[in-house]
Amino acid sequence: MPTDHYNAGQTIFEEGYPADGVYFICSGKVTVSANRGGKLFPLATLGEGSVFGEMALIEDRPRSATVVATEDTWCYKHNKDVFSNKIKTLDPLVSKVFHD
């Protein structure tokens, strides 16, 4: 069940900020962009069933991109602790892929 709603045009998170969770898109679309010389360059458009925000949690680094809802979007969000616990319960081979 979705936990967070974002209006079209709303920033979900910004590049350089600390990671607070991983997002699973239940409905809607987002654009992932990176700041290059003060301008945002689109990297990807993600829709229903996509996941974003996981790399900053896995790498324990600040966000590497900005994510903006391009249409009304509902997401299910896991915080860092919940996400880490879910990775620990994966098959050891799959878990190793996340940590490598």
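A salt bridge is a side-chain nitrogen of Lys or Arg within 4 Å of a carboxyl oxygen of Asp or Glu. The exercises below apply this rule to a predicted model.

**Exercise 1.** Determine how many salt bridges the model contains, and which residues form them.

*Solution.*
1. Side chains of opposite charge can pair when their charged atoms come close.
2. Arg63 and Asp20 form a salt bridge, with 3.1 Å between the closest N and O atoms.
3. Asp20 also pairs with Lys77, at 2.9 Å from N to O.
4. Arg61 is bridged to Glu59, the closest N and O atoms being 3.8 Å apart.
5. The count is therefore 3 salt bridges under the 4 Å rule.

**Exercise 2.** Identify the network of salt bridges and state which parts of the chain its pairs tie together.

*Solution.*
1. The network links Asp20, Arg63 and Lys77.
2. Arg63 forms a salt bridge with Asp20. Arg63 lies in the loop between helix H1 and strand E7, and Asp20 in the loop between strands E2 and E3, so this pair ties together parts 43 residues apart in sequence.
3. Asp20 forms a salt bridge with Lys77. Lys77 belongs to strand E8 (residues 73-78), so this pair ties together parts 57 residues apart in sequence.

**Exercise 3.** Classify Arg63, Asp20, Lys77, Arg61 and Glu59 as buried, partly exposed or exposed.

*Solution.*
1. Buried requires under 20% relative accessible area, and exposed requires over 50%.
2. Arg63, at 3%, is therefore buried.
3. Asp20, at 37%, is partly exposed, and Lys77, at 26%, is partly exposed.
4. Arg61 has 53% and counts as exposed, whereas Glu59 has 42% and is partly exposed.

Note on methods:
Residues numbered from 1 in each chain as written. Predicted model: local features only at pLDDT ≥ 70, side-chain atom pairs only at ≥ 80, totals over all residues. Heavy atoms only, no water. Helix = DSSP H or I, 4+ residues; strand = E, 2+ residues; numbered from the N terminus. Buried < 20%, exposed > 50% of the residue type's maximum accessible area, 1.4 Å probe, protein only.
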